[in-house]
Amino acid sequence: MNNHPYWEDVEQGTEIPSLVKRPTTRQLVRYAGVSGDFYEIHYDKDFAVGTGLPGVILHGALRSAFLGQMLTDWIGPNGALRKLGCQYRGMDEPGVALTCGGVVTRKYVSDGRRLLDCDVWVEDEQGRRYTPGWATVELPSRNP
Amino acid sequence: MAEAAPDVEALRRDYIGQESPPEYLDVEKGHVRAFAKAIGDPNPLYSDEIAARKSRFGGIIAPPTFLRAARTQRLEDLPPDFPYKRLLDGGSEWEYFEPVRVGDRIAAVNRVVDIFSRSGSLGPMIFVITETTYTNQLGQVTATQKNTSIRY
């Protein structure tokens with residue numbers, strides 16, 4: 001946990017260390033419980049199939065949470081997540097490993113804050129990115 | 001499905017600008033820990049009192065997407081007789097201003113900011129864009145979240 005980057009360590013093109021998640025139906029039930037999102041497509045297969053889906057699917061917001069974890073793991077407690085956005089363009093099913101990744105697209109200072117814009121995504125085992133996103137993080141400086 | 005297409009102009013007139021009453025979320029330690037566990041995030045800032053106290057936050061904070069647990073009135077659900085019954089989450093855009101701490105009381109207010117129609121792989125769809133503002137007990141906006149809800 002001690003090798004979080006400082007502002008000086010990062011450049012445009014720097015890759016964010018990836019994070020692999022293996023969501024299960026059990027995790028979807030747990031997430032439904034703690035988030036209060038009880039839409040049945042996330043845990044009731046008959047219901048999900050009845051709406052034309054192949055089976056139960058991940059909550060979009062859970063994939064967002066995975067991206068949040070990847071980013072906060074990377075920046076550490078002295079960095080700050082300022083923005084996190086993503087689109088849910090396709091559906092991910094439990095039982096498939098998902099790899100969260102990202103890359104720095106812009107490094108700049110605004111209002112005295114050392115900021116990085118990043119492209120982020122969640123990729124399935126076939127390399128499909130159904131959750132393209134973007135984030136802005138603030139990093140501490142080695143020479144504050 | 002020979003449903004009549006919804007009148008987007010009427011929906012825009014009726015819904016854009018509508019605001020939900022505030023929904024209050026008391027941020028409890030056990031809930032934060034359970035949320036972190038559910039998303040599979042072992043970050044000590046969400047559960048370890050000692051580690052969190054030593055951090056710059058001085059105490060346990062909530063994961064970035066935790067505020068989603070404040071369930072405001074779902075303005076994006078539109079009228080009950082709406083012809084498209086199926087619903088998908090199209091995306092989300094968070095902006096963070098202040099950390100969310102255990103003990104905070106967060107007021108969440110949801111507002112409809114845009115409605116439009118589009119045709120996609122699932123057929124005709126209605127997009128409803130809402131924005132939720134989360135304000136803590138000190139009157140600080142902790143975060144805002146824009147959400148895209150798709151009816152089809």
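Modeller: Begin with contact order in the chain. This is a predicted model. In chain B, residues 24 or more positions apart make up 69% of the contacts that have a separation of 6 or more.

Colleague: What is the order of the elements in chain B, from the N terminus on?

Modeller: Count the elements, then read them in sequence. Chain B has three helices and five strands, and they run α-β-α-α-β-β-β-β from the N terminus. Along the principal axes, the C-alpha trace of chain B spans about 60 × 30 × 20 Å.

Colleague: In which sense do strand S2 of chain A and S2(B) pair?

Modeller: Look at the direction of the strands and at the bridges. Strand S2 (residues 80-87) of chain A pairs with S2(B) in the antiparallel sense, over five bridges. As one case, Lys83(A) has Glu95(B) as its bridge partner in S2(B).

Colleague: And burial? Which residues touch the most other members of the largest nonpolar core?

Modeller: In chain B, 34% of the 152 residues are buried. The largest nonpolar core has 56 residues, and Phe66(A), Leu67(A), Leu71(A) and Leu67(B) touch the most other members. Helix H3 (residues 60-75) of chain A gives the most to this core, with nine residues. A second, separate core has five residues, including Leu78(B), Ile115(B), Ile126(B) and Val128(B).

Colleague: Which residues does Leu67(B) touch, not counting those up to four places away in sequence?

Modeller: With that exclusion, Leu67(B) touches Val100(B), Ile106(B), Ala108(B), Tyr134(B), Ala143(B) and Gln145(B).

Colleague: Last, confidence. Where in chain B is it lowest, and where highest?

Modeller: Read the chain average, then the elements, then the complex. Chain B averages a pLDDT of 91, and 96% of the residues score at least 70. Confidence in chain B is lowest in helix H1 (residues 8-15), at a mean of 91, and highest in H2(B), at 98. For the complex, the predictor gives an ipTM of 0.95 and a pTM of 0.93.

Technical notes:
Residues are numbered from 1 along each chain as its sequence is written. Chains are lettered from A and ligands numbered from 1 in the order in which they are written. This is a predicted model: local features need pLDDT of at least 70, side-chain atom pairs count only at pLDDT 80 or more; totals for chains, interfaces and linings use all residues. Two strands pair if DSSP finds at least two bridges between them. Helices (H or I, at least four residues) and strands (E, at least two) are DSSP runs, numbered from the N terminus. A residue is buried if 20 or more other C-beta atoms lie within 10 Å of its own, exposed if 12 or fewer, and partly exposed in between; C-beta atoms are placed from the backbone. Two residues are in contact if their C-beta atoms, placed from the backbone, lie within 7 Å. A nonpolar core is a set of buried Ala, Val, Leu, Ile, Met, Phe, Trp, Tyr and Cys residues joined through C-beta atoms within 7 Å. pLDDT is the predictor's confidence in each residue, from 0 to 100.
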